Amino acid sequence: MLGDVLEVETSNGVSSITNDGVDENGTNIPPGWLRQRAIASLAVDPYLNSGPKFMEGLSAALSLHGAQLSNAKKTLDFGCSGGRLVRALPEFSNAAMFGCDSDGEAVKWCAENLNGEFVHNGEYPPLPWDDNSFDIIYH
């Protein structure tokens with residue numbers, strides 16, 4: 001159940017805005033400032049709906065090249081921000097989830113609220129993982 005909700009009318013209809021709460025799976029929803037950084041909107045619905053849409057597209061693109069997202073063992077969300085994409089991954093794969101971002105506050109939020117391993121990366125390489133550590137890297 002969402003926390004305090006404010007409904008606003010947007011160009012695409014009505015959307016809810018909240019700074020706390022959980023989604024229907026019981027996963028914490030990032031605060032508004034973090035959603036704003038990720039999708040340039042405080043609205044919850046576009047934030048939650050955009051992750052699965054991205055994963056559907058990624059899955060379709062991989063299929064065109066003979067790969068399956070569902071077969072991945074380890075994935076990296078490069079530029080994970082508030083976990084918008086990684087939170088949708090379990091619907092498509094049982095892969096171990098990793099994320100990195102140059103935004104330390106976003107990484108801290110992900111590490112405290114989402115399943116997976118999240119690291120703050122610097123502005124320049126290297127990342128803390130060995131080459132070929134992941135089956136799929138997406139951004």
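**Alanine 40**

I looked up alanine 40 and found it exposed, at a relative accessible area of 61%. For accessibility I used these classes: buried is under 20% relative accessible area, exposed is over 50%, and partly exposed is in between, with a 1.4 Å probe and protein chains only. The model is predicted, so I read local features only at pLDDT of at least 70 and side-chain atom pairs only at pLDDT 80 or more, while totals for chains, interfaces and linings use all residues. Residues are numbered from 1 along each chain as its sequence is written, and side-chain values use heavy atoms, with hydrogens and water left out.

Alanine 40 lies in the loop between helix 1 (32-39) and helix 2. Helices (H or I, at least four residues) and strands (E, at least two) are DSSP runs, numbered from the N terminus. Phi of alanine 40 is positive, near 60 degrees, in a residue other than glycine.

Serine 81 sits in the loop between strand 3 (74-78) and strand 4 (96-101). Is serine 81 buried or exposed? Serine 81 counts as buried, at 14% relative accessibility.

I then checked proline 126, which is joined to proline 125 by a cis peptide bond with omega about 10 degrees. Proline 126 belongs to the loop between strand 5 (117-120) and strand 6.

**Cysteines**

I counted 0 disulfides in the structure, a disulfide being a pair of cysteine sulfur atoms within 2.5 Å. Cysteine 80 is buried at 3% relative accessible area, and cysteine 110 is buried at 0%.

**Helix 3**

In helix 3 (residues 104-113) I found Ala106, Val107, Trp109 and Cys110 buried. Seen down the helix axis, the buried residues of helix 3 fall within an arc of 160 degrees, so they line one face; the arc is that of the directions from the helix axis to the C-beta atoms. Lys108 and Glu112 are exposed on the other side of helix 3. The buried residues pack against helix 1, strand 4 and strand 5, contact meaning heavy atoms within 4.5 Å. At the start of helix 3, a side-chain oxygen of aspartate 103 comes to within 3.1 Å of the backbone nitrogen of glutamate 105.

**Aromatic pairs**

I searched the whole structure and got 4 aromatic pairs. Rings of Phe, Tyr and Trp (its six-membered ring) pair if their centres lie within 6.5 Å; planes under 30 degrees apart count as stacked, over 60 as edge-to-face and the rest as tilted.

One of them is phenylalanine 54 with tyrosine 138, tilted, at 5.9 Å centre to centre and 45 degrees between the planes. Phenylalanine 54 is in helix 2 (residues 44-64) and tyrosine 138 in strand 6 (residues 136-138), so the pair ties together parts 84 residues apart in sequence. Phenylalanine 54 is partly exposed at 27%, whereas tyrosine 138 is buried at 4%.

Tryptophan 129 and phenylalanine 134 form an edge-to-face pair, 5.2 Å centre to centre with 85 degrees between the planes. Tryptophan 129 is buried at 16%, and phenylalanine 134 at 14%. I recorded Phe98, Trp129 and Phe134 as one aromatic cluster.

Note on methods
Polar contact = N/O pair within 3.5 Å; in protein donor to acceptor, adjacent residues only side chain to side chain.
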